[in-house]
Amino acid sequence: MSVLGVLVSPTRGETARLARFSRFGLILAVVVAFLFFTLLAPGFIQLSNLRGILVNNFALLAIAAIATTLAVHSGGIDLSVATAIDLASLAFVSAIVLGADVPFAILAALAAAACSGLFNALLIAGLGIPPFLATLGTLFIGHSVQQLATGGGNPVYISFKSVPPALPVLARGSVVGVPIPVLAVLALSLLVYLLLDRTRFGRRSAAIGVEPQLAHYSGLPVRATLATVYVLSAVIAGTAGIFLSANVSAYMPFSGNAFLMNAIGAVYIGTTVSKARAPSVPGTLAGVLFLAIIANGLLLIGWDFYWQQLGSGIAIFLCLALSYGVQRLRS
């Protein structure tokens with residue numbers, strides 16, 4: 001090692017501290033963002049606003065990001081979570097407009113989302129198309145399906161007289177004070193966490209994500225695992241479509257696109273909490289919370305939508321740059 005290398009290289013103790021900082025940098029970013037907007041954003045700390053962050057900014061994005069986590073964990077990506085959200089929303093609202101009750105509408109929504117996942121599974125696991133290209137194609141096809149089904153992409157509204165009593169409860173109800181959408185996030189998070197971290201399926205998915213060829217030659221069921229990943233990802237994303245429709249009592253065309261990029265961003269921000277820079281449910285939830293606080297805080301400060309997107313993008317960049325910059329110092 002050169003003299004300069006000795007001078008600039010961190011000691012073992014410094015390396016350990018850098019490693020801890022790198023892993024907990026996202027948590028620190030969440031705390032800093034929370035304190036920043038507490039001081040500068042009027043009403044940010046009010047209980048009604050904090051509940052709004054959880055229900056309006058956090059819950060639906062968290063569901064979409066959990067779905068995306070499954071795909072990224074297996075070494076792929078799912079750009080069609082937006083399609084799954086939209087198809088579930090369309091099926092849910094259409095079923096209610098036709099007179100179905102809420103449980104049947106939920107089943108119809110999940111079935112519609114599953115169709116998106118099955119199509120991805122056919123392309124990726126069956127035909128061997130790379131996940132990026134396959135799910136991008138599904139996203140485009142999903143846009144066309146919505147336009148054809150709604151006469152060019154028109155909203156579908158649930159009339160006031162047709163609203164089932166269970167619909168407002170699904171959107172704005174709570175159990176022991178916890179909003180139902182947040183409970184859904186907790187349930188789905190626990191399910192996916194256990195699936196990825198405590199089961200053989202999760203270990204297979206991780207092996208495929210790290211080295212797909214080696215996983216194939218080792219005799220792992222690569223195709224079946226990938227098919228399951230993308231179907232499950234679509235069904236989970238469809239849950240967000242259900243809550244979205246229940247909240248506005250309507251299907252709004254292409255509304256799933258609003259969650260796509262932030263969901264992907266949250267997953268990759270969340271990888272910074274892992275030693276191996278691997279996606280995980282806790283990391284994803286921390287990433288979603290960070291973005292939710294940023295979005296709500298910038299809104300309260302008075303930034304319009306386009307500036308909010310710029311602020312969120314800068315926040316993502318700074319968080320990743322800090323974490324990976326620290327990682328380079330360690331190496």
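## Basis of the model

The model is predicted: local features require pLDDT of at least 70, side-chain atom pairs count only at pLDDT 80 or more, and totals for chains, interfaces and linings use all residues. Residues are numbered from 1 along each chain as its sequence is written, and side-chain values use heavy atoms, with hydrogens and water left out.

## Overall form

The protein chain contains 14 helices and 4 strands; these are DSSP runs numbered from the N terminus, with helices being H or I of at least four residues and strands E of at least two. Along the principal axes, the C-alpha atoms fill a box of roughly 80 × 55 × 35 Å.

Of the 331 residues, 48% count as buried, where buried means under 20% relative accessible area, exposed over 50%, and partly exposed in between (1.4 Å probe, protein chains only). Among contacts (heavy atoms within 4.5 Å) with a separation of 6 or more, 77% are accounted for by residues 24 or more positions apart.

## Surface and charge

The accessible surface amounts to about 16200 Å², and 71% of this belongs to carbon and sulfur atoms. Areas come from the Shrake-Rupley method with a 1.4 Å probe; for residues, only the protein chains shown count as cover.

The chain carries 16 positive and 7 negative side chains, and the centres of the two sets lie 12 Å apart. Lys and Arg count as positive and Asp and Glu as negative, while His and the chain ends are not counted. Each charge is placed at NZ of Lys, CZ of Arg, CG of Asp or CD of Glu.

## Helix α3

Helix α3 (residues 47-73) has a kink of about 45° centred on Phe 58. The bend at a residue is the angle between axes fitted to the seven residues ending there and the seven starting there. Because 20 of its 27 residues are buried, α3 is largely enclosed by the rest of the structure. Gly 75, with a positive phi near 90°, follows α3.

## Positive phi in loops

Most residues other than glycine have a negative phi. Val 176 has a positive phi near 45°; it lies in the loop between β2 (174-175) and β3 (178-179) and is exposed, at 82% relative accessible area. Ser 249 has a positive phi of about 55° and lies in the loop between α11 (222-248) and β4 (250-251). Ser 249 is buried, with a relative accessible area of 19%.
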